[in-house]
Amino acid sequence: MKSLPILAPVVACLLIVLTYLLVQGAAPDAARHERTLDALRTVILYNAALQRDVLRARTGLLRDYDPLVRSIGRLDEATLALPAARDVASGEARADIDRRVAGVVAAVRDEETLVEAFKSANALLQNSLNYFNYMSGRLASEGNGLRAVEIGALTIAMSRFIGDPQPEEAKAVTAALDRLESPSLDTARAGDVRSLVSHGRLIVSRLPEVDDLVSRLQAAPTGERARELQDAYLAAHGRLAARAALFQAMLYVAALVLVGYVAYLLARLRRNAQILRERLEFEGLIASISSQFINLPRDRIRSDIGEGLARLVAQSGLDGAQIVVTRAGDAGPAGGYAHRREGVDMPARPATDMIELASRWSLADNEQQGCISVPRVGELPDGPEKARLQDWRLRSWLCIPLWHTGERLGFLALDAVTHEKHWADDDIALLRTAAEIFANAIARERSEREREALQARLNQSQRLEAIGTLAGGIAHEFNNILGAILGYGEMALAVLLKESRARRYVQQIMKAGERAQDVTEQILAFGRRRERRHHALRAQPVVAEAVDLLRASFPATLSVETHLAAADAVMMGDPTELQQVVMNLGANAGHAMNNRGVMRVYLDTTAPVEASMLSHGNLPPGRYIRLAVSDGGSGMDQATLERIFEPFFTTKPAGQGTGLGLSTAHGIVAAHGGAVDVRSKVGEGTTFEIYFPRIERAAEDVDEGETADVPIRYGSGETILVVDDDTPLMQLAEEMLAALGYEPVGFDRTPAALSAFRTDPERFDLVLTDEVMPDMTGIELSGQLHRIRPELPVVLMTGYGRSPRSRQLTAAGISEVIKKPLLSAAVAQCLARHLH
């Protein structure tokens with residue numbers, strides 16, 4: 001009892017000391033720590049998402065600004081929880097954390113202001129870009145002459161400026177816009193041109209501003225400040241934890257009577273500290289992997305995903321990790337990404353087997369947070385899941401789905417072979433964050449690869465269009481030369497003796513000229529510059545007839561198999577051109593097989609419900625007639641495949657091909673509104689698939705008989721006004737008309753011809769004028785003559801070919817269009833129709 005007065009103060013002091021030590025040795029609030037770390041991770045991750053979405057919005061890949069709004073909202077929510085970070089520190093460290101919190105909040109507010117400015121500016125810019133692309137393409141396709149050239153130059157300058165918005169490029173665009181506003185250009189679409197120029201100037205002024213906002217957003221210090229705050233917070237938290245451990249050790253020494261309990265408490269505290277350190281390291285790893293993929297070039301994404309899996313395996317103490325994707329081609333031939341710890345022997349796992357197992361998992365007890373968690377494979381109930389995992393020699397398995405914008409891209413599988421592994425909820429949450437990072441990287445790689453493929457196809461289409469325009473112009477000039485050759489040759493045949501050597505020579509010249517005329521016809525078909533009169537026709541009889549012609553032209557060593565299953569399918573087209581497509585593709589296939597083997601021709605119908613990308617164009621949804629020509633020849637490499645439709649490109653030896661067969665077929669298909677898909681492998685053969693739009697109308701009968709010879713009708717001295725800026729061709733026309741019994745009056749300048757007509761309008765009975773002339777076009781001259789004498793027949797000569805029902809021709813008073821080169825029989829029939 002005497003000891004009570006002593007024991008009581010001792011006990012009291014001991015209790016006070018123990019209480020003090022207990023208070024000082026208490027571990028930090030785990031829930032508050034988690035909330036603070038979650039807030040910091042949210043700031044870092046959503047800041048990265050905000051910068052990524054800003055780039056997507058700038059490039060037009062973002063449909064709306066909802067992701068930006070969501071990211072800003074999450075950043076605002078996260079900043080509200082950041083002040084709690086100050087509770088783990090005191091004194092100067094606490095003041096430092098307060099300053100860093102204020103810096104993060106200020107950076108978020110600055111980013112929010114920049115995002116609002118970017119949304120407004122980018123919306124105007126994207127609207128102007130869309131309108132500019134639409135209207136420039138429309139004006140370029142509908143226009144001609146100087147305006148089309150200026151619009152093309154403006155489009156090129158604008159493309160360069162958009163790719164590299166430097167002041168020099170801006171000046172080039174401004175200059176092109178100024179030239180397009182010049183009153184000397186064709187003003188038929190003046191309103192559209194002014195709108196195009198207005199939006200072009202808006203792009204020039206807005207693009208640097210938007211790019212400046214994007215640069216400022218990308219350089220925003222929010223992420224860096226958040227990571228610095230995270231480091232400061234973790235350091236303060238670590239010091240607090242260390243201080244707690246020290247007081248716990250002092251508590252152990254002071255409470256010797258409670259050594260057993262203190263030993264247990266200390267061991268537990270040490271375990272908690274170890275778990276906390278491991279968790280901090282794991283969180284640091286996730287943050288590091290996340291920052292690793294920010295602004296990462298596409299060619300490094302695959303290697304960095306593999307590196308990230310290796311770090312994940314090493315940090316988690318696992319034996320392997322694998323990512324499988326659900327869409328073919330997203331991760332190369334391997335079908336995914338994988339890492340195995342060195343020394344671990346595991347059987348190969350096909351990606352399809354992994355996807356099938358994860359997609360059809362039926363054991364609900366092993367589903368945790370949307371993932372498949374199997375801590376002990378041996379404890380699974382007997383079934384296909386257990387059998388498959390045991391075949392892979394797994395002892396523990398975790399499978400996490402990869403989601404991106406509501407689409408499941410694949411799965412992340414974590415494997416334990418040498419030991420069993422249990423994953424806590426917190427571990428699974430962190431691993432799901434890592435899976436989201438990998439999913440975003442895979443989706444980004446897929447999007448950039450698709451964008452590059454689309455850009456390559458667009459460039460190829462533009463290249464073919466430019467070559468077609470050039471080919472059409474060359475063919476027009478070549479027709480003028482052929483006009484003199486064939487015209488004078490025809491007149492020479494009329495005066496030469498039938499059995500003379502000179503007559504045979506001239507006949508050979510005429511045959512060569514006719515072959516050259518066929519070449520120009522092919523060039524015009526490729527350039528879409530030749531007149532076409534399409535009507536409803538059944539494709540199968542036309543294709544069958546063309547196949548019969550092919551069989552007759554092939555040697556016995558080459559056979560043709562047909563699979564025609566489109567008996568009632570009708571399309572709008574020209575049967576001769578459709579046969580030409582079959583003949584050209586067949587001749588190309590025969591050459592590829594060295595005239596040995598079997599060529600197959602297919603004809604059927606198809607109705608795709610979704611747009612698809614072909615090797616040479618896009619195929620919108622609709623109903624189509626599909627023509628396929630397949631050979632087992634030598635095939636083509638990628639470089640050849642990209643150039644097969646270029647005119648004059650051929651793999652045949654010199655003198656054995658013109659290089660116009662496939663280019664002509666491509667021009668015909670394009671004129672019919674169709675599309676082409678080519679599949680080829682070196683050594684395995686080639687397949688051409690042609691898609692023609694299908695219609696519902698009943699097919700019209702096609703007259704395939706030969707036209708009987710029509711006798712030439714001569715004139716009675718009628719006066720014909722001939723206008724052609726090419727003097728030799730004008731003189732040739734005069735001689736031809738004189739031989740046909742007419743009195744020609746020729747002019748090689750339109751002002752002189754117009755002056756002569758105004759002097760005596762009643763002198764002339766008909767006008768024969770060229771279309772393309774420097775001072776005044778044939779259509780413009782016809783309009784002048786028509787206003788003076790409306791009933792006068794006017795015949796337009798052209799090397800391009802135009803429809804006589806064209807509104808422009810009708811308004812100019814043109815009665816008929818005759819195609820160059822001129823031949824006596826055709827000229828005589830034309831004049832007879834309008835004069836007799």
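The accessible surface of the protein chain comes to about 41,900 Å², and carbon and sulfur atoms contribute 53% of it. Accessible areas were computed by the Shrake-Rupley method with a 1.4 Å probe; for residues, only the protein chains shown count as cover. The model is predicted: local features need pLDDT of at least 70, side-chain atom pairs count only at pLDDT 80 or more, and totals for chains, interfaces and linings use all residues. Residues are numbered from 1 along each chain as its sequence is written, and side-chain values use heavy atoms, with hydrogens and water left out.

Buried residues make up 43% of the 836 residues in the chain. Buried denotes under 20% relative accessible area, exposed over 50%, and partly exposed the range in between (1.4 Å probe, protein chains only). The protein chain contains 23 helices and 20 strands. These are DSSP runs numbered from the N terminus: helices are H or I with at least four residues, strands are E with at least two. Of the contacts between residues at least 6 apart in sequence, 73% join residues at least 24 apart. A contact means heavy atoms within 4.5 Å.

Helix H6 covers residues 167–180, 14 residues in total, and should span 20 Å at 1.5 Å a residue; its end C-alpha atoms are 20 Å apart, which agrees. The expected span is 1.5 Å times one less than the number of residues. Ala170, Val173, Ala176, Leu177 and Leu180 are the buried residues of H6. They lie on the same side of H6, because they cover an arc of only 125° around the axis. The arc is taken from the directions between the helix axis and the C-beta atoms. Glu168 and Lys171 are exposed on the other side of H6.

Glycine 317 follows H10 and has a positive phi, near 70°.

Strand S16 (residues 719–723) is largely enclosed by the rest of the structure, because five of its five residues are buried. In a regular strand the side chains alternate between the two faces of the sheet. Thr719, Leu721 and Val723 point one way from S16, while Ile720 and Val722 point the other way. S16 runs parallel to strand S17 (residues 743–747), joined to it by five bridges. Two strands pair if DSSP finds at least two bridges between them. Threonine 719 stands opposite glutamate 743 in S17.

An open sheet of six strands shows antiparallel pairing in the order S2-S1-S6-S5-S4-S3. Its edge strands, S2 (336–340) and S3 (367–368), each pair on one side only. Two bridges join S3 to strand S4 (residues 371–374) in the antiparallel sense. Cysteine 371 in S4 is the bridge partner of glutamine 368.

Cysteine 371 is also buried, because its relative accessibility is 2%. The structure holds zero disulfides, a disulfide being a pair of cysteine sulfur atoms within 2.5 Å. For cysteine 371, the closest cysteine sulfur belongs to cysteine 399 at 8.0 Å, too far for a bond. Cysteine 399 is likewise in no disulfide. At 1% relative accessibility, cysteine 399 counts as buried.
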